[in-house]
Amino acid sequence: MFTHAITRRPSAEMANGITTADLGTPDYHLALAQHKAYCLTLAVLGLDVTVLDAEPGYPDCCFVEDTAVVCDHVAALAPLGAPSRQGEETSIEPVLARFRPVVRVRPPALFEGGDVLQVDDTFFIGLSERTNMAGAKALGNTLARHGSTWHAMEMGETLHFKTDVSFIGDNTLLVSPFFETAPELARFRRIVVDENEAYARNCLFINGTVIVPAGFPRTLAAIKGLGRPTIELDMSEFRKLDGGLTCLSLRF
Ligand code: CIR
């Protein structure tokens, strides 16, 4: 069960965030409203939510997931792979330190939390343009010292591992076709989400409920078909910056 989340409000500078999407400029005020709904949803699902202010100079700072990996025993602070985001982790450190001992991984090892999927005490670490093998090893070895196992995962051309793979409980993953047969994921039931609903591969599983981005009816129906409670959230403004549901929080 998760009991806590850390989020950070969108930045008034978010229009300058990194993006590969061709969906237009995010509307800051709408993003604030969507963020509020997101935080409220986590609270309704039982989490104590710490909401941090946006950090000047960091247009992508609301995607707080990328700044750390938090497990039961330790929080590993990320050396972020995107140059414009390096430094976002600094102001997260004292907040995490209230809950966990914090270790810092340092460059040239690089990782971003969006590349790290935790299922119980196994961690899948995607090797992306933001996460290198040195980063995966440094993070994996830190987690292993606390009894976890980890796998480095080769990836296709996607931003983060969790852009393509998310855990929705009951031993089930939503995956892109790229991961349909990945041997490291063989023990899971895999629901393949095709290109038409690619954004919905990133869902957020919180204490038995699956939060699904609004507007992806086939993925929603597939999850409901498993008998899972679902909540839909409008993520339109974060999607314009390549951000999904998991990106907006650290959960532990
Ligand atoms: C970035 O490119 O870093 C942001 N615009 C989006 C980060 C999304 N984070 C995530 O998938 N965990």
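Student: How many residues does helix α1 have, and what does it reach from its first C-alpha to its last?

Tutor: Good place to start, and keep in mind that this is a predicted model. Helix α1 runs over residues 28–44, which gives 17 residues. At 1.5 Å a residue the expected reach is 24 Å, and the helix comes close to that. So, for 17 residues, the reach from first C-alpha to last is 24 Å.

Student: Which residues of α1 are buried, and within what arc do they fall?

Tutor: The buried residues of α1 are Ala31, Gln34, His35, Tyr38, Cys39, Thr41 and Leu42. Look down the helix axis and you will find that they line one face of the helix, because they fall within an arc of 155°.

Student: What happens at the start of α1, and which residue follows the helix?

Tutor: At the start, a side-chain oxygen of Asp27 comes to within 3.0 Å of the backbone nitrogen of His29. After the helix there is a residue with a positive phi, near 105°, and that residue is Gly46.

Student: Where do the buried residues of α3 lie around the helix, and which strands do they pack against?

Tutor: Helix α3 covers residues 133–144, and its buried residues are Gly135, Ala136, Leu139, Gly140, Thr142 and Leu143. Seen down the axis, they fall within an arc of 160°, so they line one face of the helix. The strands they pack against are β3, β4, β5, β6, β7 and β8.

Student: Is Arg130 buried or exposed, and which side chain does it join in a polar contact?

Tutor: Arg130 lies in the loop between β7 and α3. Its relative accessible area is 13%, and buried means under 20%, so Arg130 is buried. Among the residues that Arg130 touches are Ile18, Arg85 and His160. Its polar contact of 2.8 Å is with the side chain of Glu112.

Student: Which side chains have an N or O atom 2.8 Å from the ligand, and how much of the ligand does the protein bury?

Tutor: A nitrogen atom of the ligand is 2.8 Å from an N or O atom in the side chain of Asp66. An oxygen atom of the ligand is 2.8 Å from such an atom in the side chain of His160. For Arg85, the distance from a ligand oxygen to a side-chain N or O atom is 2.9 Å. Taken alone the ligand exposes 350 Å², and the share of that buried by the protein is 98%.

Student: Which peptide bond is cis, with omega near 10°?

Tutor: Go to the loop between β5 and β6, where Pro108 lies. The cis bond, with omega near 10°, runs from Pro107 to Pro108.

Student: What is the phi of Asn171, and is this residue buried or partly exposed?

Tutor: Asn171 sits in the loop between β9 and β10. Although Asn171 is not a glycine, its phi is positive, about 60°. Its relative accessibility is 34%, so Asn171 counts as partly exposed.

Note on methods: Residues numbered from 1 in each chain as written. Predicted model: local features only at pLDDT ≥ 70, side-chain atom pairs only at ≥ 80, totals over all residues. Heavy atoms only, no water. Buried < 20%, exposed > 50% of the residue type's maximum accessible area, 1.4 Å probe, protein only. Helix = DSSP H or I, 4+ residues; strand = E, 2+ residues; numbered from the N terminus. Arc of directions from axis to C-beta. Contact = heavy atoms within 4.5 Å. Polar contact = N/O pair within 3.5 Å; in protein donor to acceptor, adjacent residues only side chain to side chain. Areas by Shrake-Rupley, 256 points an atom, 1.4 Å probe, with all protein chains shown as cover. Lists of a residue's contacts leave out its neighbours within four places in sequence.
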